[in-house]
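Subject: A structure for you to look at

Hello,

I am passing a structure on to you, with some notes to read beside it. Please open it first, and then go through what I found.

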Amino acid sequence: MQYYTTTMAASSLTDLSKTTKLERYNSYIRRVNNTKLLAASSKLLFRVTLLVALILILFFTLNHPLLSANQYHSHTAHNFLSSAFYGSGAAWEKQVRHSSTPSRSNGLSVLVTGAAGFVGTHCSLALKKRGDGVLGLDNFNSYYDPSLKRARQNLLTKHQIFVVEGDLNDAELLKKLFDIVPFSHILHLAAQAGVRYAMQNPLSYVNSNIAGFVNLLEVAKNAYPQPAIVWASSSSVYGLNTNVPFSEQHRTDQPASLYAATKKAGEEIAHTYNHIYGLSLTGLRFFTVYGPWGRPDMAYFFFTKDILHGQGVNLYVTQDDKEVARDFTYIDDIVKGCLGALDTAEKSTGSGGKKRAPAQLRVYNLGNTSPLSVVKLVSILEGLLNVKAKKHVIRMPRNGDVPFTHANVSLAYRDFGYKPTTDLSTGLRKFVKWYLSYYGIQSKVKKEIESHQ
């Protein structure tokens, strides 16, 4: 009996020990699972927090007051991502190389900035047509209707010209392009345009016309070989100059608008990079360019729209009641000037960011040499559209516009044979024909335009 009792006690102790061990084991498993669950929850919480933070950063980047003031050229979020997006991909690099490769012997390889712009599109097509390699760069900002820029891009694509979507201030993207292609030339046409808009959004001009230009020059100075650069200045640099016709020797230190000031700053910056780094630089002062595929913010363009829609047009006169006049220059003449400047541009003389010898530095007027009043412009449009304009004559506000422009182009003629050949009536006829076709306007206007071809 005692033995049985002892045996039972021993058995109970054994069972108790097993139960205790089992409870301890289960407790351990629960702790392990809780730890794993806590770790997993922490990771999930971290990822959710990081995602929310990135969304907030992106939101405030796109909506911050300082950046929204720069909405037309400030693409911080895009620049942050673009290098990563464009920096890889064999197909993309193949497009870049193919577009940049000349099809003619000794052809140029040209990077055209602002390629989807008015002048950029026409110059790109002309270069490609004669057998040069052309790669476009454009940020497709919304200063004016981006759909027009996309239509120009489609036109370029049909002619085997690839346009990279990117911003001048994206240094990594520019470096990547120069790593892929040893460009012989740059035709720098990208800029924040427009005189009056500078009063609304001044920082966009500084961001594009100054910071963007410097960024491009920084990349170009370190490229091997260094490219020769032809870039668009403006007749606006003559500002309050009253000597006519405007000559490259005239003073340009009295800008009447911020746009003009940034273009003048560009000319001084060009001098600096030429002097220090041996970059070959040619500045072209364009005089009121017009024609098919033009900019909707230009007077001839919105006058055409307003006349067709029966809306009034404002005709400015000076404070002393004199007519405002412009040296209207047809796009084909400007293209000839740009190509002439590229063809006569000497090689840059730097290497590895260091100047080896003096380099070419030039500036030229590209105009029509025959200024006409804005009143005359409207009169020609009335005849082409067969519609009488509702004219409102008002005094010119102090918005940076100058009362007249008149180009002396003798220097460009001497150095690369620049000679404008298209008068305003002929040029506007070609523009109106394009306008009616592009916007699908079918009327007796179009028939009369075509009958005069």
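**Notes on the loops, rings and helices**

P245 is found in the loop between β5 and α9 (258-277); helices (H or I, at least four residues) and strands (E, at least two) are DSSP runs, numbered from the N terminus. The peptide bond that leads from V244 to P245 is cis, and its omega is near -10 degrees. Another cis peptide bond joins Y224 and P225, with omega about 0 degrees. P225 has its place in the loop between α8 (202-222) and β5 (228-232).

Before going further, a word on the basis: this is a predicted model, in which local features need pLDDT of at least 70 and side-chain atom pairs count only at pLDDT 80 or more, while totals for chains, interfaces and linings use all residues. Residues are numbered from 1 along each chain as its sequence is written, and side-chain values use heavy atoms, leaving out hydrogens and water.

For the overall picture, the protein chain has 15 helices and 15 strands. Of its 453 residues, 49% count as buried; buried means under 20% relative accessible area, exposed over 50%, and partly exposed in between, with a 1.4 Å probe and protein chains only. Among contacts with a separation of 6 or more, 81% are between residues 24 or more positions apart, where contact means heavy atoms within 4.5 Å.

F140, although not a glycine, has a positive phi of about 50 degrees. F140 lies in the loop between β2 (133-138) and α6 (146-158), and counts as buried at 7% relative accessibility. W293 is also a residue other than glycine, and its phi is near 65 degrees. The loop that holds W293 runs between β7 (289-290) and α10, and W293 counts as buried because its relative accessibility is 17%.

F140 comes up again with a charge: R150 lies over its face, at 3.7 Å from the ring centre. Likewise, the charged end of K149 sits over the ring of Y144, 4.6 Å from the centre. A charge sits over a ring if NZ of Lys or CZ of Arg is within 6 Å of the ring centre and within 35 degrees of the ring normal.

Now the aromatic pairs. Rings of Phe, Tyr and Trp (its six-membered ring) pair if their centres lie within 6.5 Å; planes under 30 degrees apart count as stacked, over 60 as edge-to-face and the rest as tilted. By this rule there are 30 aromatic pairs. The rings of Y197 and Y205 are a tilted pair, because their planes are at 45 degrees, with centres 6.2 Å apart. Y197 and Y205 are both buried. Y435 and Y439 are tilted too, since their planes are at 45 degrees, and their centres are 4.7 Å apart. Y435 counts as buried at 3% relative accessibility, whereas Y439, at 40%, counts as partly exposed. Ring pairs link a cluster that includes Y435, Y439 and W293, along with Y300, F301, F431 and W434.

Y300, F301, T304, K305 and L308 of α10 meet L428, F431, W434, Y435 and L436 of α14. Helix α10 (residues 299-308) and helix α14 (residues 424-438) pack at an angle of about 60 degrees, with their axes 11 Å apart; axes are lines fitted to C-alpha atoms, for helices over the stretch in contact, and angles run from 0 to 180 degrees between N-to-C directions. α10 and α14 are therefore oblique to each other (angles under 35 degrees count as roughly parallel, over 145 as roughly antiparallel, 65 to 115 as roughly perpendicular and the rest as oblique).

Best wishes
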